[in-house]
Structures are given as structure tokens and as C-alpha cells.
Amino acid sequence: MMDLPVNYAKVLSDMNISAEELQKTRELLTQHQELSDIFDNPLVLKSEKRNIIERLFPQHVWDFAEELVDGGAIAKAEEIFEIYDSIINERNSVVKAVLTYVTEPDDSQIEALKAKLAKDHGKANVDLEMVQDPSLIGGFILTAGEYVLDRSVKTSIERLERHFANREKTADS
């Protein structure tokens with residue numbers, strides 16, 4: 001069986017769509033439940049759905065949006081766009097990473113981190129999302145694909161708690 005979200009994402013990635021048009025399409029398909037409900041409703045005529053598409057969506061994506069609606073893939077829109085992002089990142093030699101921190105690193109630290117990530121992942125560029133999270137107490141967590149580097153104080157404390165809890169259990173035995 002074909003993986004429809006992957007196929008839709010590939011088609012989308014091959015279309016010549018501006019960033020603004022893509023963002024508007026993404027928002028319409030993923031953030032408006034009432035629109036999804038209309039598109040999924042079998043009682044709404046296909047011609048009415050097409051009219052809605054033509055009124056709301058950028059012209060370059062009318063056929064794509066109609067195919068999603070006709071194919072019953074509206075519910076998979078979020079997944080389609082996630083796969084699309086991965087395809088575009090791979091095509092543009094970009095590694096996507098998330099740095100979760102307590103104290104924001106300075107520009108030189110960020111640039112050094114990006115350089116290391118690019119080198120380690122064999123990519124030319126890094127798309128680094130920065131997320132502040134005081135619950136980490138200190139340190140940071142870096143995630144890039146399957147790679148996770150957790151140097152947070154919170155996780156260190158949790159490891160110590162587990163270690164001592166296991167030692168107490170072993171000593172009681």
C-alpha cells in the first residue's frame with residue numbers, strides 16, 4: 001500500500017509555491033477545524049468544496065487542495081506538512097534542531113553549536129529552534145532528529161534520585 005502523506009508531500013515539494021502561499025495553505029489545512037469538517041462532510045457537494053478552495057486558498061494550490069479533499073486526506077494535513085518540511089530540509093541540506101535552555105546562549109555559542117551540528121550531520125545549514133524552559137533548572141537539551149543530548153540539571157537530579165533509590169532497594173534485599 002502507498003504511503004499517501006509521503007506522496008502528497010512529494011507532490012507539494014515539487015510545486016513552485018511561494019513561502020507565503022505555502023504558509024497560508026498550511027494554516028488553512030491544519031489550524032481551522034471547521035474547514036476540515038466541511039471538506040470531510042460527504043453532504044457538502046464537490047462543487048461547493050471547490051468554491052471554498054477557490055475563495056480561501058492561493059490559486060497555485062487549488063488543484064492540490066482539491067486533490068487532498070477528494071482523496072480524503074485533509075485529516076493527514078499536519079503529517080503531510082511535516083514530511084514536506086523534511087523533504088525540503090533534505091533537499092536544501094538542512095538539519096533541524098531544537099535547543100531547550102534556561103539561560104540563552106550568546107551568539108558565538110549558538111554559531112559554534114550550529115557549526116558542530118552541521119558537521120556532525122553532514123549538512124550545510126542548521127535550522128535551530130530556540131526554546132526557553134526554566135524547569136530544566138540549568139543546562140540544556142539539544143535535539144536533532146534521533147540525536148538527543150541532555151545536559152540539564154533537572155535530568156541529572158532525576159538520574160541521581162533513581163540511582164539512590166536503586167541503591168536503597170539493593171541494600172534492603
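**Close-ups of a predicted model**

By the ring rule used here, the count comes to 2 aromatic pairs (rings of Phe, Tyr and Trp, with its six-membered ring, pair if their centres lie within 6.5 Å; planes under 30 degrees apart count as stacked, over 60 as edge-to-face and the rest as tilted). This is a predicted model, where local features need pLDDT of at least 70 and side-chain atom pairs count only at pLDDT 80 or more, while totals for chains, interfaces and linings use all residues. Residues are numbered from 1 along each chain as its sequence is written, and side-chain values use heavy atoms, with hydrogens and water left out.

**View B. F39 and F57 make a tilted pair.** Here it's 6.3 Å centre to centre and 40 degrees between the planes. F39 lies in helix α3 (residues 33-40) and F57 in the loop between α4 (46-56) and α5, so the pair ties together parts that are 18 residues apart in sequence. Both F39 and F57 are buried.

**View C. Helix α1 has a buried face.** Look along residues 4-14 and you'll find P5, Y8, A9, L12 and S13 buried. Seen down the axis of α1, these residues fall within an arc of 135 degrees, so they line one face of the helix (the arc is that of the directions from the helix axis to the C-beta atoms). An α-helix has 3.6 residues a turn, so residues three or four places apart point the same way. The buried residues of α1 pack against α2 (19-30), α5 (62-70) and α6 (77-91) (contact means heavy atoms within 4.5 Å).

**View D. Four strands build an open sheet.** The order is β2-β1-β3-β4, with mixed pairing (two strands pair if DSSP finds at least two bridges between them). β2 (125-132) and β4 (147-150) stand at the edges with a single partner strand each, so one side of each has no neighbour in the sheet. Strands β1 (residues 94-101) and β2 run parallel, joined by 8 bridges.

Technical notes. Buried < 20%, exposed > 50% of the residue type's maximum accessible area, 1.4 Å probe, protein only. Helix = DSSP H or I, 4+ residues; strand = E, 2+ residues; numbered from the N terminus.
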